[in-house]
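Let's go through this model in short questions and answers. Each answer works toward a single value or name.

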Amino acid sequence: MEFFSKAKAVKLRSHHNKYLVADGDQVTVRQSRNGGNKKARWLVEPVDGDANVIRLKSFHGLYLTASNKPFLIGMTGNKVLQTRPENLRDMSIEWRPERDGFQVKLMTFGGTFLRANGGTPPWRNSVTHDNPEVTSTRNWVLWGVEAVDVPEDEEVTDHLSMVSSFSSVSDDLFGSEIGSPVSVKSNLSPMVSIKKSGMDLFFNAKAVRLRSHHDKYLHADDDEESVSQVRNGSSKNARWSVEFVSDGGGDTVLRLKSCYGKYLTASNHPFLLGMTGRKVLQTLPAGRLDSSLEWEPVREGTRVRLRTRYGHFLRANGGLPPWRNSVTHDVPQRTATQDWILWEVHVVEIVVRSPRPNPDVQPDPVSESAASESTSPSFRSAKSSTNFGRQESSDSLASSPPKAADGRAIYYSIADEFGNVDEGVEGDFITFTGNSVDELTRRLEDETGLEDIIVCSRSPLNGKLYPLRLQLPPNKNTLHFVVIQSSSKGFGSFALCSAC
């Protein structure tokens, strides 16, 4: 307890030199090399009546909890989560520190220990509670404790997170009260006002990729009709153009168009006869664009649920074929499938705006007239984006990718095992402060979930990839890199080109 008795907040560093972090979904926890993030900070809360037990509260105001849910069916180790229990006397949120040299083991009320897992996915970077039976994993329950300062506005931040958590619970109620597809209409209206819009995750987006709970991407199949999930997010088929739709009460609805120019559609065709869930297709209606093409983002932490006009959600299915890799729209009735309707939004192309016009310069009446008469979908999309209260932000993005005032935008693509990169895809981006290649490598490992990566640049002379050796340039210009694992087969093809 001497590690925690005088600390208001701590960071916990695992045997793998990674920190315990609270994910932005306000549910899961994991390990990350980025210990400078506020998500790695845990508030220490004493337990009344027992001076040898503590609670740990995340930045989101939720407690580190030893759940009884297995991490993998048939395997030892249960999930560690962030929760807000109804009763603070719930012993699942209590941890008893036991000193082991200069480190501690955190024991649950059931006698298991907080464990930082290593190895291959899905174990890598995961956190469970268990009793390690193998000698090689005994160090996985040891944690280094680093006391940290807490900002003066911590109580305000925690209050805001409580409000966010309440809204999240409300969303769950909204989803659960809909019930069967037959009863959708009668249960929709009472809960509409408490939804949280997820439109900010599509902010200024011209094209996005959607990654499911199964770490697969929404994919427009080559038959130009069906939709599925694939692991390769660099394919053009995983790219969806965004069109914002005005529904009369503001821009809260959007359409998604595939690389074949067809819209993501919630059809009324059953996926399997006698089963819940209906097909999601690519379609291009001959007449008016109807509501089956419209999706309303509902935010859930850092992810979204895409809701149809009839109360269903875009769902990425798992399990055995034919469910595996399929995509339907439905209302999940079981807890085990609640996460199947959550999607991460990766913006791959932004809307490029014209600079704000000078008020002293008179507009060209011809161009103004032409703009007012435009009725194309792309024009409506741009217009809707502008009306969504985005003028100031979009002006700042007029001719450059998003940047922070004290950092630079770095785009990165992930090469496959042969070192190939889809040049037609912009790739993901991060905002990075600093010039250290080692620091950038650790940051990209945290972002991608990969280990032992090599950060590479492409030679302007011969187009070959070569590993970064020197510091990044001191200016803040946007940079483009390629990430490849050192174990990839393609690494040997450019490893000798470091002098290029």
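This is a predicted model: local features need pLDDT of at least 70, side-chain atom pairs count only at pLDDT 80 or more; totals for chains, interfaces and linings use all residues.

Q: Is Glu224 buried, partly exposed or exposed?
A: Its relative accessible area is 31%. Buried requires under 20% and exposed over 50%. Glu224 therefore counts as partly exposed.

Q: What is phi of Glu224?
A: Most residues other than glycine have a negative phi. Glu224 has a positive one. The value is near 60°.

Q: Which loop holds Asn17, a residue with positive phi?
A: Phi of Asn17 is near 60°, and Asn17 is not glycine. Its relative accessibility is 52%, so Asn17 counts as exposed. Asn17 sits in the loop between β1 (9-14) and β2 (19-22).

Q: What is omega for the peptide bond from Pro321 to Pro322?
A: Most peptide bonds are trans. Pro322 lies in the loop between β22 and β23 (327-330). The bond from Pro321 to Pro322 is cis, with omega near 5°.

Q: Is Gln82 buried or exposed?
A: Gln82 belongs to strand β7 (residues 78-83). Its relative accessibility is 4%, and the limit for buried is under 20%. Gln82 is therefore buried.

Q: Which side chain makes a polar contact of 3.0 Å with the side chain of Gln82?
A: Gln82 touches several residues beyond four places away in sequence, including Val27, His60 and Tyr63. A polar atom of the Gln82 side chain also lies 2.8 Å from the backbone oxygen of Thr28. The 3.0 Å side-chain partner is Ser58.

Q: How many residues make up the largest nonpolar core?
A: Phe202, Val208, Leu210, Leu218, Leu256, Leu264 and Leu314 touch the most other members. Strands that each supply at least two residues include β13 (205-211), β17 (251-257) and β18 (263-270). The core has 27 residues.

Q: How many residues are in another core that lies apart from the largest one?
A: Among its members are Leu56, Leu64, Val127 and Trp143. The count is 22 residues.

Q: How many disulfides does a search of the whole structure find?
A: A disulfide needs two cysteine sulfur atoms within 2.5 Å. Cys456 is buried because its relative accessibility is 0%. Cys259, at 33%, counts as partly exposed. The number of disulfides found is zero.

Conventions:
Residues are numbered from 1 along each chain as its sequence is written. Side-chain values use heavy atoms; hydrogens and water are left out. Buried means under 20% relative accessible area, exposed over 50%, partly exposed in between (1.4 Å probe, protein chains only). A nonpolar core is a set of buried Ala, Val, Leu, Ile, Met, Phe, Trp, Tyr and Cys residues joined through side-chain atoms within 4.5 Å. Helices (H or I, at least four residues) and strands (E, at least two) are DSSP runs, numbered from the N terminus. A polar contact is a pair of N or O atoms within 3.5 Å; within protein, one must be able to donate a hydrogen and the other to accept it, and residues adjacent in sequence count only if both atoms are side-chain atoms. Contact means heavy atoms within 4.5 Å.
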